[in-house]
Every structure is written in C-alpha cells, then in structure tokens.
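Below is a short briefing on a two-chain model, grouped by topic. Please keep the sequence and the structure open while reading.

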Amino acid sequence: MRFFEDIEIGQRREVGSFTFTADGIKKFASQFDPQRFHLDEEEGRKSLFGGLAASGWHVGSVCMKLLVTDGQRLAREALARGEPVAAWGPSPGFRELRWIKPVLAGDTVSFASEVESLRVSEKRPEWGILQVRNTGTNQRGELVFSILATAFVQRRNAGA
Amino acid sequence: MTLTFEDFPPGHFGSFGPRRVTREEILAFAAEFDPQPMHLDEAAASRSMLKGLSASGWHLCSIMMRMMFDACIGQTASLGSPGVNEVRWLAPLRPGDDLTLDIEVVEARVSRSRPETGIVTFKVTARNAAGQALCEWVSPIIAARRAATAVEQAG
C-alpha cells in the first residue's frame, strides 16, 4: 500500500471484475435486502429493473471486496520488493453513491478507483485523508455504479 | 396493507430493533466482502485506529438496509432507490452490539418525470444499546402513489 505522499490527484487504478450470479444475488438479498426484485427472476422482469437485480448494497460491498483484495495484492508485491507498506485506516464515510443502472444476474462489473482529493488530517496529523471516486462498468461498457469514498492513509513519517 | 408515498410525511417515522450482531456474522461478512485485518483478526484489530474488532462499514449498512426492510420497505410499493446521498460511519459496530434504528423522513415530493410516483428521502441512524450513533445515512427511495397503486389493484 502506498503512503499518503506517494498518491497524486487523478491517479487511476483498475481493481478487478466480478460476475453477479443469480444465486449470489439471491443469497445476499435474502440476508440483507429481501425486496421481491432481488429474490425472484419473474418479479425482477416486472420491475423497473427488467430482470433479477442485485441489491445496491451488494454492488457496493463487492466494490469494497475488490478494492481490499487488490490493495492487499499491491502490498504483498511491495513487501516482496523490500519496500515499506503503509497502513490503511478506517473510512469516515462516503457521499454521492449512485446506482446508475441495474446490475442483473449474469452481468460482469469492472471496478476502478480514481483519486479526487488529498489532505492531511487535522485531528490526526500522522494520517492523510483521501477521497476517491470508485466506479463500476458492466460488460457493455455502461457505467452502473459510482461513489465518492473517503479513507485515512498513513503518512510516510508517521510515528517518526 | 401496502404503504405508499402518502404514508411517509416528513418527520419521525419510527424506531426499530433491537437487532443483535454476533461475532460470527461480523467475521463471515468481512471474510467475503471486506477482508481487512481490523474486521477479521482480534490482535490486528486491537492495534488499529478502532482499537478492537469491529464490523465492516458495508456490513453495518447492509444490516441497516435489512432493518429498514423489516420496518417499512418490505410493506411499501417501492420501486427501488437511485442511490445514497451520504453515509457517515461515526463509531465502530462491535461483536454483541444490539442495534436500534431511527427512521426519519426528511423530504417527500412527487416525481416530476413520473408523477405516479414520489421520492421519499430518509435519514436513518443506527445506534448501539448505549444510544451512541454508529452510522447515519441519507437516501431516497421511489414509492408509488396511492392512486397509482389502487388502479393497479383494480386492474
């Protein structure tokens, strides 16, 4: 993981793709969002979505999964090169989450992350605060998901 | 009894819960969707900014969605949601916490592009048993208006 000082506005990273299966959509929905269009193909077809659609919270959680997994891969690679790895802190939240188009059973969504803003935390000066725009694009090239997320990232001289 | 746009005037809608969140649930969600050590590993979590094992913020939001469903969305002629204006993760959700949910309607207006529907914007707050706010979100849903629902049922 890069330190705050190594990050620049506009940096973009592809974080991976995920295929939403009918079973996966129904499993998440039955636990967290059992609205009829997330649980049943026919109900999905009759809805505004036009098919069995993933819960928006499922799409957001998958975006998180790919961000974390890709970040951990980058950290392992940096460690293998003998480089220090920065810690990621918790996130204080996000804004502007848009479910732009439905994610239907069988869709493959590719996620990317782009840096929008950077500042040093006033309360915790050993940490930087990063805003990133994370987006999801389906196999037809249509933007389906967008979110402006905030995260704490360690500064290079933290604790020094 | 189906709830429609008209059932959500601005103001306090209700308080719901409690809903206990177990360590096993926290670990299972984190393993699938947010495998950061602070959500998976007791020792690593104690060294993190949150000083102890805590649930993924996405897990907390997903549980809040389920509590919203049980409180009202499940009985509402809802057509889905375009997104979430803002989520604030204010304090960590810990294993064994009992969550309550406060639901407030901050705005209700008829849709200009689809006047048979309305847009209801909720502010939802999850609290632990001590009353501490853990997460707050502001998000709209699209709900059918009563007249449109009546036509559909008659037809």
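β4(A) and β5(A) make a hairpin with 5 residues between them, and Gly141(A) in its turn has a positive phi of about 80 degrees. Helices (H or I, at least four residues) and strands (E, at least two) are DSSP runs, numbered from the N terminus. This is a predicted model, in which local features need pLDDT of at least 70 and side-chain atom pairs count only at pLDDT 80 or more, while totals for chains, interfaces and linings use all residues. Residues are numbered from 1 along each chain as its sequence is written, and chains are lettered from A and ligands numbered from 1 in the order in which they are written.

**Strand pairing in chain A**

- Strand β4 (residues 127-137) of chain A pairs with β5(A) in the antiparallel sense over 11 bridges; two strands pair if DSSP finds at least two bridges between them.
- Within this pairing, Gly128(A) stands opposite Val153(A) in β5(A).
- β5(A), residues 143-154, also pairs in the antiparallel sense with strand β2 (residues 93-99) of chain A, over 5 bridges.
- Trp99(A) has Phe145(A) in β5(A) as its bridge partner.
- β1(A) and strand β3 (residues 108-120) of chain A run antiparallel and are joined by 7 bridges.
- Thr19(A) has Thr108(A) in β3(A) as its bridge partner.

**The sheet across both chains**

- An open sheet of 10 strands has the order β1(A)-β3(A)-β4(A)-β5(A)-β2(A)-β2(B)-β5(B)-β4(B)-β3(B)-β1(B), with antiparallel pairing.
- β1 (12-19) of chain A and β1 (11-20) of chain B stand at the edges with a single partner strand each, so one side of each is left without a neighbour in the sheet.
- Neighbouring strands of this sheet are turned by 20 degrees against each other on average, direction ignored; axes are lines fitted to C-alpha atoms, for helices over the stretch in contact, and angles run from 0 to 180 degrees between N-to-C directions.
- The two chains are linked in the sheet by 5 bridges between β2(A) and strand β2 (residues 83-89) of chain B, which run antiparallel.
- Leu97(A) stands opposite Val84(B) in β2(B).

**Helices α4 of both chains**

- α4(A) lies across β1, β2, β3, β4 and β5 of chain A and runs at about 125 degrees to β1(A).
- α4(B) packs on the sheet and touches β1, β2, β3 (98-110), β4 (117-127) and β5 (133-144) of chain B; its direction makes about 115 degrees with that of β1(B).
- Helix α4 (residues 56-80) of chain A packs with helix α4 (residues 57-71) of chain B at an angle of about 170 degrees, their axes being 10 Å apart.
- That makes the two helices, α4(A) and α4(B), roughly antiparallel (angles over 145 degrees count as such; under 35 is roughly parallel, 65 to 115 roughly perpendicular and the rest oblique).
- Trp57(A), Gly60(A), Ser61(A) and Met64(A) in α4(A) meet Trp58(B), Cys61(B), Ser62(B) and Met65(B) in α4(B); residues are in contact if their C-beta atoms, placed from the backbone, lie within 7 Å.
- The residues of this helix contact divide into 5 nonpolar, 3 polar and no charged (Ala, Val, Leu, Ile, Met, Phe, Trp, Tyr, Cys and Pro count as nonpolar, Asp, Glu, Lys and Arg as charged, and the others, Gly among them, as polar).

**The interface as a whole**

- The contact between the chains takes 25 residues from chain A and 28 residues from chain B.
- On the side of chain A that touches chain B, α4 and β2 of chain A each supply at least two residues.
- α4(A) gives the most to that side, with 8 residues.
- By class, that side of chain A has 14 nonpolar, 7 polar and 4 charged residues.

**Burial and core**

- In chain A, 36% of the 160 residues count as buried (20 or more other C-beta atoms within 10 Å of the residue's own; exposed is 12 or fewer, partly exposed in between, with C-beta atoms placed from the backbone).
- The largest nonpolar core has 74 residues; such a core is a set of buried Ala, Val, Leu, Ile, Met, Phe, Trp, Tyr and Cys residues joined through C-beta atoms within 7 Å.
- The residues with the most contacts inside this core include Cys63(A), Val103(A) and Met68(B).
- Gly89(A) is in the loop between α4 and β2 of chain A and counts as buried because it has 21 C-beta neighbours inside 10 Å.
- Leaving out residues up to four places away in sequence, Gly89(A) touches Trp127(A), Ala151(A), Phe152(A) and Met49(B).

How values were computed. Contact = placed C-beta atoms within 7 Å.
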